[in-house]
Amino acid sequence: MEDRIEEDEDREALAGLSQVPPPNRRMHSYSQQLRSNSGQKKHNKLRKHSLDNIPHPVSERYLDSSDDDYLPYSSPSLSSSTYKTVGGSGGDEMLQQRLDLSLTVEGPPDDVRQTQLPEFIASGGTGIFKAPNRAAVHPGRPTCLELRPHPLRETQVGKFLRNIACTETQLWAGQESGVRFWSFENAYDPGCGLGGRVRRGDEDAAPFHESANTSPTMCLIADGGNRLVWSGHKDGKIRSWRMDQPLDDNAPFKEGLSWQAHKGPVLSIVMSTYGDLWSGGEGGVIKIWPWESIEKSLSLSPEEKHMAALLVERSNIDLRSQVTVNGACSISSSDVKCLLSDKVRAKVWCAQSMYFSLWDAHTKELLKVFNIDGQIENRVDLSSAQPPDQPVEDEMKVKFVSTSKKEKSQGFLQRSRNAIMGAADAVRRVATRGATAFVEETKRTEALVLTLDGMIWSGCSNGLLVQWDGNGNRLQDFTHHSSTVQCFCTFGTRIYVGYASGIVQVLDLEGNLIAVWVAHSNPVIKMAVGNGYIFSLATHGGIRGWNLTSPGPLDNIIRSELAHQEVVYTRRDSFRILVGTWNVGQGRASHDALMSWLGSAVSDVGIVVVGLQEVEMGAGFLAMSAAKETVGLEGSSIGQWWQDTIGKALEEGTTFERMGSRQLAGLLISLWVRKNLRAHVGDVDAGAVPCGFGRAIGNKGGVGLRIRVLDRIICFVNCHLAAHLEAVNRRNADFDHIYRNMAFSRSSNLTSAAGVSTATQAHKGTNAVNANSEDTKHDLSEADMVVFLGDFNYRLFGISYDEARDFVSQRSFDWLREKDQLRAEMKAGKVFQGMREALIRFPPTYKFERNQPGLGGYDSGEKKRIPAWCDRIIYRDNRVASVSDCSLECPIVASVVQYEACMDVTESDHKPVRCKFNVQIAHADRSVRRQEFGEIIRSNEKVRSLLEESRYVPETAVSTDNVVLQNQDTCILRITNKCIKEKAVFNIICEGQSTVKDDGEEPDYRPRGSYGFPRWLEVTPAAGIIKPDQYVEVSVHHEEFHTLEDFVDGIPQNWWCEDTRDKEVILVVIVQGGSSTEMKSHRIHVRHCFSAKAVRLESKSNNARKNQGGAVNRSELGQLSSSSDKGDDHRNSRKS
């Protein structure tokens, strides 16, 4: 079934809710009934956690599970009457604009207190078992501008953002369906809300404009010189987008010039020093698109769009074909990972997974090929391909062939054990076989960046950072984090590194670690500089802006001010969750049984979670299940039958939508969400941990689902622990193993709303590589609420079968609870540490004779197993004390309003159990909070003072503002830093070129791509650092350069048809401090006189001198600010 995202479809689905009353079925329940009057008071008295205000203890551990901001400040008290309820069948109106604007008020939390059940709280809720600390604003990282808050993954199908680039006034993002951009002037404005003109997932984002649909965008760069953004796409096209085009809020904007650049995807694009566009694709293909042909095509009218594309397409230079001789190519055939323009030395770097190639941007010649270790490669042998590995399926077949006659003579249990152990061995073999290949994979180059000191940095998939000089010599390497490096960005003297773990690190130019923080809960895939921020994009599509001065005093002020405004942006809502568990004993259930267990209890429920055990067992099935897990396969036809059958009982498709499931052998967990809560539930992930033979087989273990609800994380784990009365320690160990190793991840197939099985994920086994070994996180520890359900197999101890039967018949559950192994172990802090269970007031649920109703159905056979409460539901929320109010410091407060067994269901030897939670959630209205953030930035005097200090630019001077060059002339331009304390960094660009006209007409300066230099001009170095009270000398050199074809006004000419007209360019020297957010500029006129006649200028003469073919380099080299796919924009460079 399709994911119903559009609001009108949800409204239609809700129309019939009120006409569908719960089935009128009589259910034999021996649970604690929800009584009134005296019963309510008794429950309040026994209740160990109420909603009264208490001081929040200062905590030391902060986690970022919900990707929201948290801060350990006490919040202003919130009105308890502001709770809104969603998820019940009475919620006929669709959510409009914001959730809090349309939810019906159920009543104050006191109504919940009157129905909640008393609870038993386990000891030992410390360490990894402690509830995560939450706060209004995260104290462990700088404050940030949430330009686009984390959207739910299910809302982003076909719209995922994959890259970003900044211009002077905008932030552009490439997505799977085109591009979009935000104007910085609107960065603090509120979002459109649900029901607005934007797609779900963008309701809280700052206002933006979106393009018409295109093929997925693979790469993106900004060209400030021509006010264009260039994008490379999966369909092989390169497209241009005007920054300043007229916009219509009701219609998407359209592309400009586009052409077919590659047969496959365009993986990377970059503008060279001379304004040419370089692109890289699959198979190591690198192409150059000369600026002259692009400029000519851009000048054509929209009606000549086809001609413009042909003009560019025919001008390309295929570098790979130029370095291929007799079928042997000098560069690798692996896909181009990224291109980098070294504008300091006029070179272009091409990074592939294991190799680099270095090119001259002027002559377009291959200078050097070297590997990731820095060793020079004379030739890459393309013919030596490794033979493919034996398919995993073959490995499995080897393990599960028919048993020999000798084996058949063995007993059934022995054969079963051999098959299962063989499967476990196969799991280990498959996991170990790729170890050698994995070592090589960890060296893959993932990102490149050029720093202002002229060094190039590469990041690897094992977290290694490598520093190279401009000639491709490996200098040194660093490892500050073991996660994969995903992206780089530089500003001033800082290097920003984004990792797959969501961490951002700040380094100095020597590689020393300055700062580190968790920027996102997902990998950071791109970063870009703009408007005083470093913007980071995570894989989930969230974009955050970090102030260029962070971390620093500015963050402390903003953090404090935001915390004081907590009451303005805090929203609180409530809904109910029904959790059911049943060991089905390999049986099937009737529709009546499922209605009795689940269907009769969902009328006021928003989320339903069902966990089954022993859906399917047997040695053969367990062995095959283990084999399938190793190749990322899970599920079975019987498991699918159970999901479909339960779905019918829940009226799936009309009232509920299935959002996720996970099966491991006989364990199955599935989740359904009611339509009116669907828009606020997503990011469904799954995990599985086997605890059977050798911790590899799923006859025992756990399966889990993780969801995001109203920006909070809730986890559900269905467990089947070790059996037998005496195996208490094994059960405790199973729980601990599951808790520590449950790792959630998304399915390879994105979840659909109607619910195919969501998560196909191999378990986190002993051979799994932990990318964050130095700071291991446990997924369950980071969740706001965790619910364990299942057949835990804890028994009654110190009691005989007959005694237990007598106490059950007398309903003496108080005495029986004292004999409960699980309660004793929880009280001792040995299992389910710090978790809660509602008081049990229903008979033991194990073991029964099948199809025998009533309490007389307890096992009366030869073994006479003692009745026990094997089937349980236990949970933890955010409370760290027995009493806590729901707030941003304690965002989830849950209570149990129903906990009972369905004794009339007889299809298994276990009785199904259900537990209904009332869940109160506090969350931030991220759109309102962004407004508050912007107000603090604009109006707070302390903030404005600190921002003003960060704008300081050292005073500099240039030796001349006019340069005249004849053929092969070189002029030395001196740039002096007059400041005696601060370093100055400079970057030289070409604002435009004009042909000098004899009639005295005003020159028309036209910039090349990304302010590139004309081909006859060499500026070395074009960027660098100037120490305090020092100067650098820059060589401005005229170089005669011809290829087989030259270009005049975009028209190809033979080399002997030279353009003999004098030319003039405007060079702009952009200067800033080592970390200043403002820039100053110096403008220099450079004229090339083709004739030998002298030209007199109105300024002081130049001290030009000959330096044939050479370039003077007497300074520290550097680049001002760049990222691998970022254009060269500048501020204040057009001042007169």
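Analyst: The expected span of a helix is 1.5 Å times one less than its number of residues. Helices (H or I, at least four residues) and strands (E, at least two) are DSSP runs, numbered from the N terminus. This is a predicted model, where local features need pLDDT of at least 70, side-chain atom pairs count only at pLDDT 80 or more, and totals for chains, interfaces and linings use all residues. Residues are numbered from 1 along each chain as its sequence is written, and side-chain values use heavy atoms, leaving out hydrogens and water.

Now the helix. Helix 22 covers residues 926–939. Its 14 residues should span 20 Å at 1.5 Å a residue, and its end C-alpha atoms are 20 Å apart, which agrees.

Next, its start. D925 caps the N-terminal end of helix 22. A side-chain oxygen of D925 lies 3.2 Å from the backbone nitrogen of S927.

Then its surroundings. Buried means under 20% relative accessible area, exposed over 50%, and partly exposed in between (1.4 Å probe, protein chains only).

Finally, the wider setting. The protein has 23 helices and 57 strands. Of its 1136 residues, 60% count as buried.

Key. Polar contact = N/O pair within 3.5 Å; in protein donor to acceptor, adjacent residues only side chain to side chain.
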